[in-house]
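Welcome! Please take a look at the view below, and then read on.

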Amino acid sequence: MTVMDQVANIAYSLIIPVAVLFGFIMLNAAYLSYMERKVLAHMQARMGPMMTGWHGILQPIADGVKLFFKEDIIPAKADKWLFSLAPVLLLIMSIAAFVAIPFGPPTDFYGILSNKVPLWLTNLNVGILYVLALASVGTYGVIMAGWASNNKYSLLGGFRSAAQMISYEIPMAFAIITVVLLAGSLNLAEIVNAQSEKWFIIVLPVGPVAFLLYLISGVAETNRAPFDLPEAETELVAGFFTEYTGMRFAMFFMAEYANMVVISLLVSILFLGGWMPVQILPNTWLGGMPPVSWINGLFRLMPPVLWLLGKVYFLLFFFIWLRATLPRLRYDQLMAFSWKFLLPLSLATLLTTAVMKQMGLL
Amino acid sequence: MFLSPVISTLEEHFPDAISEPELRSGDPWITVTRDRLADVLTFLKITPELRYNLLIDLTCIDFHPHPSRFSVYYYLHSMEHERKLMVRVRVPDDDPTLPSVITIYGTANWHEREVFDQFGISFRDHPDLRRILNPDHWTVHPLRRDFPLGGEEVAFTHNADAIAVQADTWTEPVREKTVQDYLGLTGEVKEGTIIINIGPQHPSTHGVLRVALQLEGETVLRAMPHVGYLHTGIEKTAENLTYQQAVTVTDRLDYVAPLSNNLGYALAVERLLNLEVPPRADYVRVILAELTRIASHLIWLGTHAFELGVQSMILYCFRERELILDIFEELSGVRMMTSFINVGGVRTDLTPQFGKRVREFLALFPEKLDSYEDMLTNNKIWLKRTKDIGALSQDTLIDLGVTGPALRSAGVAFDVRTAYPYCGYNNFTFAVPTGTTGDVYDKYRVRMEEMRQSLGIIRQAMDGLPEGPFRSDDRKVTLPPREEIETGMEQLIHHFLLVSRGFPVPEGEAYSLIESPRGALGFFVSSDGTPMPRRVRVRAPSFVNLQALEPMCRGGMIADVIAIIAGIDPLMGEVDR
């Protein structure tokens with residue numbers, strides 16, 4: 001193998017995928033803020049950004065430039081090390097989660113490439129555990145930010161966040177184990193493949209319950225409304241990032257959006273069939289009558305990646321919709337909801353799945 | 001001479017303490033000697049046939065240079081018997097002290113602090129006699145008549161340095177004050193608690209309210225509201241304007257419901273002048289006051305929902321409020337500070353488009369109101385956040401002087417519009433919505449229902465709107481119309497005098513009480529016979545209601561404090577004046 005081959009190999013297997021993925025994450029984070037502002041605006045009978053470019057399409061770039069040139073303030077009495085480290089840690093953890101996520105089956109891009117390439121960076125056998133672990137480490141970023149700012153509002157925000165993330169990780173983990181039981185694998189790609197016949201959300205009776213459990217926990221995990229207590233604007237000013245300015249502030253923002261995307265990707269992969277196209281009806285229904293198979297065939301024409309992203313964006317839209325509609329829970333109500341309702345329910349779901357699986361009913 | 005059964009009873013029990021009994025616009029007024037004040041008030045409160053259980057107002061007038069210089073007024077109301085009584089105490093200049101009545105009426109706390117702050121009358125046995133509106137380091141009492149307007153030097157470029165030096169010597173003792181002092185905590189702060197300041201710059205304090213919270217975890221042990229950040233001396237300013245000019249400063253009190261303030265002030269001055277306004281003016285006043293109520297409640301609903309996390313509601317509410325502001329703009333050319341209701345009637349006649357616009361609003365709004373309720377009333381999270389939060393008993397609320405929706409939500413149907421009708425409110429049929437427990441949710445329900453009732457009042461007023469003049473034709477008070485000025489010499493003189501000097505008002509005092517969106521709004525105007533008032537006292541409902549914040553918050557969580565503030569709906573322009 002020549003040197004050039006090796007270079008090409010590294011480029012193919014590492015540099016290009018990393019560049020594509022990183023570009024996707026960054027652009028996505030920027031334009032999710034645009035999407036959020038636009039969707040919220042239209043739900044609230046207003047227009048949202050309109051001045052920067054066509055319908056404000058350049059707004060995220062203008063925001064980025066602005067934040068980049070903002071003065072970087074570290075409060076005099078803050079713990080400077082932790083204060084600087086916190087947003088970086090949070091952002092790294094949320095971006096690193098993308099490494100293990102498969103975006104589609106191996107593809108040759110309709111014959112453009114000579115051989116099929118996988119649409120993931122690494123196909124970890126324990127992919128789901130890896131993603132969960134990173135989300136937990138990300139919590140440290142929030143707590144560190146709250147602690148290091150030396151501000152009581154930030155501290156309260158950090159405390160809330162620690163309590164909330166720990167409480168909601170447990171029902172979330174149980175919901176995931178339910179899926180793992182159903183799929184028989186911890187590998188995300190195999191979990192998707194296991195849903196080629198039937199998405200896990202419609203596996204009765206446990207599928208819908210586990211889906212809702214995971215969705216609710218996911219919203220809580222990403223600190224989104226109605227569980228946005230750590231940054232409850234009208235109570236704690238901005239919660240754990242009250243003291244942050246400029247790019248550090250932007251990092252918290254990007255991390256939040258990246259986390260939202262990760263959660264949406266996981267929901268799609270675990271419950272909504274990942275990159276599997278929507279099947280209106282089973283192919284065999286009515287003896288495979290032509291209209292049914294035609295429509296299903298039509299759906300299959302769309303590339304799998306787009307199917308996955310479509311589901312992801314629908315879920316993101318759903319998150320924004322929640323924010324426009326629901327009041328915020330109180331701290332103790334939030335905890336009670338997790339420990340007294342979600343946790344028992346998730347345990348029951350898991351148990352039911354295990355029993356039914358053992359009896360061969362699933 | 002028999003004036004009123006109340007006065008007879010009092011004269012019987014306190015023959016040597018009661019003097020100068022009189023009747024003013026239906027209310028008995030008495031003067032009590034200083035040493036018997038507490039006894040008389042206790043008697044008035046506990047005697048079953050009197051039962052004056054609500055202290056509406058406690059204020060002071062400076063009759064400088066009269067020898068017994070100050071008069072302190074206690075305006076009482078009996079919930080059971082629906083009648084009022086004014087108790088006056090004369091306080092000499094050389095010994096400005098009075099006994100505190102906090103133990104009798106809890107609401108006296110802030111009132112007494114305000115009188116101390118503005119007039120320098122000190123109240124014996126007051127637990128916390130500090131300045132409330134003016135800066136702590138001041139040594140002067142600005143509402144005294146011998147204190148000049150603008151007695152405090154304002155910093156401009158040419159004198160800023162000199163003032164800064166002076167201010168440095170002032171601020172030293174202020175800096176040493178810790179939050180513990182503000183909370184009234186003595187000694188060591190309890191282990192494991194933190195003290196956090198909400199405000200004066202905070203997203204959900206409705207302006208510049210500052211609440212010092214002592215927290216254990218997220219549980220509130222104590223909550224001390226601090227006001228005065230927006231004190232602009234409106235009462236002092238009004239003393240230096242003519243009666244008609246002072247209408248414009250009343251706009252700036254409750255800037256969310258400026259027309260209510262105009263109305264209260266105009267009624268007080270008209271009472272002094274003994275002036276009848278024509279029926280058309282009364283109807284227009286009612287329509288505008290109720291539109292204002294809806295506009296104000298819309299702001300309350302929007303901010304309340306926003307503070308509990310429903311982001312969209314504030315925009316929907318502002319969208320509908322915009323329609324009301326458009327009506328005001330159509331009528332007066334101004335959107336907020338209209339000063340449209342003034343002494344003698346209203347400023348101009350209705351515009352041709354006014355009726356159409358109001359009817360359009362009446363047709364559109366009920367549906368919008370339903371959609372707000374769809375979003376909140378049965379929302380599980382909304383219920384969890386507002387039910388059983390900030391509830392106080394009826395007696396506590398009355399003791400603290402709370403009025404308006406905050407009191408009605410606890411089941412006390414006290415509404416000035418029905419108890420002491422003004423502007424012909426007795427000609428309209430409307431219900432006074434009440435709640436049961438007085439929690440934040442009940443306050444929400446009461447205000448939502450009030451908006452519906454207001455719509456009904458506006459509809460009735462629009463249907464019954466009489467033709468005729470829109471302001472009194474007493475040419476000593478109101479401007480003559482253009483044609484008369486062009487033809488009559490006397491009218492020209494009137495016009496000249498009214499514009500250049502204003503109208504003189506007969507000597508005396510008058511109190512007007514109206515139902516503003518936030519509660520009982522009182523204007524106490526005293527005249528010395530000149531074209532400028534001697535004193536304009538504003539009984540701001542928000543100021544009084546805010547005293548209930550501390551007992552409402554105790555034992556709740558931070559998030560509840562936000563909900564409770566929103567439920568009280570204070571407006572800092574009115575609190576700080």
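Across the interface of chain A and chain B, 9 residue pairs are in polar contact, with both partners at pLDDT 80 or more. Five helices of chain A each supply at least two residues of the side that touches chain B: α1 (3-43), α5 (152-183), α8 (233-236), α11 (304-325) and α12 (331-358). Of these, α5(A) gives the most, with 4 residues. The residues on this side of chain A divide into 12 nonpolar, 4 polar and 9 charged.

Please keep in mind that this is a predicted model. In all, 25 residues of chain A are in contact with 33 residues of chain B. Together the two chains bury about 2,600 Å² between them, and 57% of that area is on carbon and sulfur atoms. Between chain A and chain B the count is 1 salt bridge. The partners are Arg330(A) and Asp560(B), whose closest N and O atoms are 2.9 Å apart.

How confident is the predictor about chain A? Its mean pLDDT is 82, and 93% of its residues reach 70 or more. Among the elements of chain A, α12(A) has the highest mean pLDDT (88), while α8(A) has the lowest (67). Where pLDDT is low, the predicted coordinates should not be read in detail.

Next, a stop inside chain A. Is Ser268(A) buried or exposed? Ser268(A) has its place in helix α9 (residues 246-271) of chain A. With a relative accessibility of 0%, Ser268(A) is buried, because anything under 20% counts as such. Leaving aside residues up to four places away in sequence, Ser268(A) touches Gly273(A), Gly274(A), Leu308(A), Lys311(A), Val312(A) and Leu315(A).

Now for the salt bridges. Over all chains, the count comes to 56. The table shows some of them, including the one between the chains.

| Salt bridge | Closest N to O distance |
|---|---|
| Asp560(B) and Arg330(A) | 2.9 Å |
| Glu320(B) and Arg319(B) | 3.0 Å |
| Arg534(B) and Glu509(B) | 4.0 Å |

Three of these table entries deserve a visit within chain B. In the pair of Glu320(B) and Arg319(B), Glu320(B) is buried at a relative accessible area of 2%, whereas Arg319(B) is partly exposed at 34%.

The last stop is the salt bridge between Arg534(B) and Glu509(B). Here the link joins distant parts of the chain: Arg534(B) is in strand β15 (residues 533-539) of chain B and Glu509(B) is in strand β13 (residues 508-516) of chain B, 25 residues apart. Arg534(B) is buried, with a relative accessible area of 9%, and Glu509(B) is buried at 9% as well.

Conventions: Residues are numbered from 1 along each chain as its sequence is written. Chains are lettered from A and ligands numbered from 1 in the order in which they are written. This is a predicted model: local features need pLDDT of at least 70, side-chain atom pairs count only at pLDDT 80 or more; totals for chains, interfaces and linings use all residues. Side-chain values use heavy atoms; hydrogens and water are left out. Contact means heavy atoms within 4.5 Å. Buried area is the accessible area (1.4 Å probe) that two parts lose on being put together, summed over both. A salt bridge is a side-chain nitrogen of Lys or Arg within 4 Å of a carboxyl oxygen of Asp or Glu. A polar contact is a pair of N or O atoms within 3.5 Å; within protein, one must be able to donate a hydrogen and the other to accept it, and residues adjacent in sequence count only if both atoms are side-chain atoms. Ala, Val, Leu, Ile, Met, Phe, Trp, Tyr, Cys and Pro count as nonpolar, Asp, Glu, Lys and Arg as charged, and the others, Gly among them, as polar. Buried means under 20% relative accessible area, exposed over 50%, partly exposed in between (1.4 Å probe, protein chains only). pLDDT is the predictor's confidence in each residue, from 0 to 100.
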